[in-house]
Amino acid sequence: MANYRDHALEGASAIDLVVALYDGIIRFLYAAIAAVGRGDAERGRKLFGVDGIGCAKCHAIDNHSAAVGGPSLAGAAARFTVPYLVESVLAPSRTVSPVFRSTLFVLRDGQTISGLVLGETSGKIELLLPNATRKTIAAAEVEERKLQNLSPMPAGLVKTPDELRDLLAYLLSATK
Ligand code: HEC
């Protein structure tokens with residue numbers, strides 16, 4: 001980086017950099033979309049499972065699996081387009097269904113917690129956290145709460161175009 005000013009970045013504005021980054025992302029997306037038909041659904045099944053990336057900790061894949069907090073993906077192949085699925089996985093907060101928005105809690109001890117409210121009964125609030133674990137907090141501990149326009153699903157779960165391709169191949173074949 002020492003003499004970067006002498007080279008490609010000379011005169012580059014922040015906008016140029018953003019455009020280059022955006023361009024890279026779009027190319028990643030289209031490569032993944034184009035490759036879905038060639039994906040390895042069996043590998044995708046493992047990635048989806050609790051011993052893989054762990055999508056199954058938050059999503060049911062069909063109407064037989066137990067509800068786990070996040071929206072069920074049953075029938076996804078018929079309900080969603082491939083680009084929508086890609087976007088949902090890579091950028092969960094782009095489109096967040098209102099019922100699945102995260103809530104940010106500020107507790108009396110100063111701690112902040114953000115997660116999906118699964119239920120609220122007898123003074124307790126049950127949350128699904130972005131790391132796919134559950135946490136119960138006492139309503140009496142809450143000083144402030146705020147609905148966020150953010151997904152409880154973390155971005156960055158999928159690391160490579162191959163993983164994305166295989167996951168989607170599985171998702172599409174399992175939810176037909
Ligand atoms: C921590 C829990 C959690 C994990 C782990 C998780 N998701 Fe999600 N996911 C959610 C929640 C909550 C939503 C709904 C909010 C939103 O639209 O982002 C969602 C939304 C989605 C949607 C859009 C569904 C719809 O009805 O619009 C898809 C597709 C999806 N996730 C796929 C995946 C895949 C594939 C993985 C694994 C790589 C995964 N998710 C991991 C919680 C999770």
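Reader: Which residue in S5 is the bridge partner of Leu104?
Author: In S5, Leu104 has Lys146 as its bridge partner. Val106 is bridged to a residue of S5 too, namely Glu144. By the way, this is a predicted model: local features need pLDDT of at least 70, side-chain atom pairs count only at pLDDT 80 or more, and totals for chains, interfaces and linings use all residues. Residues are numbered from 1 along each chain as its sequence is written.

Reader: What makes S1 and S5 a pair?
Author: Strands pair if DSSP finds at least two bridges between them. Strand S1 (residues 103-107) and S5 share five bridges, so they pass that test. The pairing of S1 with S5 runs in the antiparallel sense. Strands themselves are DSSP runs (E, at least two residues), numbered from the N terminus, while helices are H or I runs of at least four.

Reader: In what order do the five strands of the open sheet stand?
Author: The order is S4-S3-S2-S1-S5, with antiparallel pairing.

Reader: And why is one side of S4 and of S5 left without a neighbour in the sheet?
Author: Strand S4 (134-138) and strand S5 (142-147) sit at the edges with a single partner strand each, so one side of each has no neighbour in the sheet.

Reader: How do you know that S5 lies largely in the open?
Author: Count its buried residues: of the six in S5, the number is zero, so the strand lies largely in the open. Buried means 20 or more other C-beta atoms (placed from the backbone) within 10 Å, exposed means 12 or fewer, and partly exposed is in between.

Reader: What makes Ala41 count as partly exposed?
Author: Ala41, in helix H2 (residues 41-48), has 16 C-beta neighbours inside 10 Å, so it falls between the two cut-offs. Its contacts beyond four places in sequence are Ala169, Tyr170 and Ser173. The C-alpha atoms of Ala41 and Asp166 are separated by 5.5 Å, although the two are 125 residues apart along the chain.

Terms used:
Contact = placed C-beta atoms within 7 Å.
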